[in-house]
Amino acid sequence: MFRRSGRELSFTSNNSPTERKLPFLPGYTFDDKFLNEKHHKSHLFEYKNGIPIVYDFDVPEEVDFLYSQTEKLSEQLKATNELYNTSFKGQETASREPKWLSLEKKVLRFYAYFKEGVHESPVEQSRIRKCVIFYYLEDDTMHISEPKQDNSGIPQGALVKRHRFPRATNDGNGPYYKMEDLNVGREVSVYGKTFRIVDCDSFSRQFLESVGIEVPDAEPYPGDQYSQNRDELKKSMNPFIKLNPMDQDFKKYLEYSFKGKRTNPSKVEKLATQKFLQFDRQVLRFYCVWDDRDSLYGDRRFFVLEYYLSDDTVKVSEVLPANSGYDPFPVFIKRQRVPKPKGSNEPTKYYDDTDFCIGRQVDVFSKLFFIYDCDEFTRQYYNEKYGITDLSPIEIKDSPKMPVSIDAPPYNGFGDEEDSLGSWKYLVIKPPKKDVKKYIENDKKQLRFGAVLDTDQPEDKGRRFILTYYTSDDTLSIFEPIQRNSGIIGGKFLQRSRVKGKDGNYYKPQDLYVGAKISINDHIFLLSETDEYTVKYMEDHPTQFEKADFNQVIKRMRDHITERNLGLRHAFRFIDTDRSGKISLDELRGLINRLEIKISEQEMITLMRHFDSNNDGYLDYNEFVYTMFPTDFSGELDVPQRKLDSNISVEPQKYVEAQKKENQETKSLLAFKIFMEKISNRRLLFQDTFRIIADKSPDGMVGEPEFVKAIRDYLHMDFNDEQVKFLADRFFPTNKKRISYLDFIKIVEGTSTWSYLQKHNNFMHVKQ
């Protein structure tokens, strides 16, 4: 048992083997660090007596010495304060607690110098360099600075940065300089240089005397040869002495170099400065021409003459036209004062603003410039200053030049035509620029048309093509579907590229519509059908596709009818034989042909899609006429303004037959709707059934017998004979009773717009 720090420990000392109660094994012994009473984290910064100090554990003896010196200084300051309170404030103030005088931001400043040897100069052997020593009381650090002197040629400023200065020799007073080591008349050796202190400021003198340190009187700085020479030179200088012209120019140069201005400018310089401040950035601009065609290889050249009002200088710049062949120098005559032509004994005179005017020739270094125009500022300047108002420009006519036509070379067949033209347009070949914005806005927008060859060759009459136009880059491609037993290998007919028509221009979207004929590689294609997306795209862009603009089509038909005074009602009743007031698309085509109105198949599609609002495949006469001729139309309509049925006298028997026919068509339309709903639910089964039917037929086609057999035997749909007959009539036109499997699928899905199927097209889009 032993006691440490006043506490009795519960184990015996390990130094005595006889008194050990625990075995001397690992885990049964204890280190002295577990016996410490303080377990806080060590730190370097601390406050003692209100003074910030630093714990330096590497040099404990120096820290202890510093602590003692700091405590000593603190006690002296307290005593000085008590003495001050007792002497001047009486007994009551002495009984109070003295105020603490903080040492923070308290700095002692001493003026010193050191001698520096000069070995390169024959005039002097050494030079006195004046310095200032700063001593910081809060942490005993110091730094030395040298004030800057004019024309010294020495990089002056901080000589030694702030830190604790070590002594040159350890004399027992510590390794670093302290406050007691600094005083007037003493020398301090810092890193090989010996500084002699000659004076200090008033605060340092009062502070040292308050702590009991006597400060001697100030000492003068010793002189050196360089300082004496500089003082004598300054005394001998006379700023009012007149200099010769060379010295005046040198003086101007030095003044502008060091100060940027003249100390005593002349009268001429003052006037020039005033003129510069008044007319700075004001330039008179004249347009002139130099006609040098009389000389060999001369030419008429155009220039811009600029007169600067601030200093009466002139600059001439040449205006080079395109492909002139001259070197593109930016300035023909640099900015300078231009002298006037003179004789041998005449004085030199320079051009000013009175020498320039429109219609006058100016001789500039033996070149005659004819002024023919000026800018608006120049006209305003001469009007305000000289009252000149007639400054109209003079027309300069040049001999007419024959236009040179450069035709592009023919396409060589390699790459795109734009790439081939790039090697002809530019010396350095550049790739053709693409409209990125158009590509992003129209990406994946494709116009698809079904096409056939317009030819008399019997082997090409049955060929079908799919033409795709890409609106993002105005390219098109043609694909030929494979047809059974046709003898022609289908596939890609035309690779995607830009194609030119017979007129030499590239095909645009407005050139493609149902019924159009386009020429591609000496093949004439007739666009016979299109899909629903293309039709809607054309209707959404009526300004681009005029044939899909309903208003334009109606206006053309209305102008044609009113111009020729055609009988619209008589022609309509001639076509409407059953007096029902409705006609189909084929009957509408016959009506338009009877009226001798020339419209394309695309315009027929536009009319039918607009007028057939109930999707029954028929067009109402009243709706057609009211749209064709609005109520405010002033011409002869030959049609009443009310329902057509009220003005048609129909016999009762015919009226009953018409009602039966209408009921039958209603039932047939209902059957058609049910049929479309069933095939939409069993789409794959429907396609496989008719594919098998087409393969088993002798000619590989689908007709009414195959359709009826598929409905009855394969799909098992519950339709009566009238409904099946109605569906067969809808899917198989009179002029085409047998069609291919792909064409049949297009008709059923509503993606076919063949001219002979138009009267049935609207039935394909019944809402399911």
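This tour moves through strands, a helix, a surface patch and salt bridges, one selection at a time.

The model is predicted, so local features need pLDDT of at least 70, side-chain atom pairs count only at pLDDT 80 or more, and totals for chains, interfaces and linings use all residues. Residues are numbered from 1 along each chain as its sequence is written, and side-chain values use heavy atoms, with hydrogens and water left out.

**Stop 1: strand β7**

Select residues 141-146, strand β7. Helices (H or I, at least four residues) and strands (E, at least two) are DSSP runs, numbered from the N terminus. In β7, 5 of the 6 residues are buried, so the strand is largely enclosed by the rest of the structure. Buried means under 20% relative accessible area, exposed means over 50%, and partly exposed lies in between (1.4 Å probe, protein chains only).

Look for Val132, which stands opposite Ser145 in β7. The two strands form a hairpin with 4 residues between them. Click on Asp140 in the turn: its phi is positive, about 60 degrees.

Met142 has His163 in β8 as its bridge partner.

**Stop 2: helix α16**

Select residues 683-696, helix α16. At 1.5 Å a residue, its 14 residues should span 20 Å, and the end C-alpha atoms are 20 Å apart, which agrees. The expected span is 1.5 Å times one less than the number of residues.

Colour Phe686, Gln687, Thr689, Phe690, Ile693 and Ala694, the buried residues of α16. Seen down the helix axis, the buried residues fall within an arc of 160 degrees, so they line one face of α16. That arc is taken from the directions from the helix axis to the C-beta atoms. Leu684 and Lys696 are exposed on the other side.

Stay here for Asp688 and Arg691. They form a salt bridge, with the closest N and O atoms 2.8 Å apart. A salt bridge is a side-chain nitrogen of Lys or Arg within 4 Å of a carboxyl oxygen of Asp or Glu. The two residues are 3 apart in α16, separated by about one helical turn. Asp688 is partly exposed at 38% relative accessible area, and Arg691 is partly exposed at 33%.

**Stop 3**

Select Arg301 and Glu318, whose closest N and O atoms are 2.8 Å apart in a salt bridge. This pair links distant parts of the chain: Arg301 is in strand β12 (residues 300-308) and Glu318 in strand β13 (residues 313-319), 17 residues apart. Both Arg301 and Glu318 are buried.

Go next to Glu417 and Lys500. Their salt bridge has its closest N and O atoms 3.0 Å apart. Glu417 lies in helix α7 (residues 417-425) and Lys500 in the loop between β20 (491-497) and β21 (517-520), so the pair ties together parts that are 83 residues apart in sequence. Glu417 is partly exposed at 22% relative accessible area, and Lys500 is partly exposed at 33%.

Finish this stop with Arg285, Glu306, Lys315 and Asp375, which are linked in a network of salt bridges.

**Stop 4: helix α4**

Select Leu254, which sits in helix α4 (residues 245-258). Leu254 is partly exposed, with a relative accessible area of 30%.

Definitions and conventions: Pairing = 2+ DSSP bridges.
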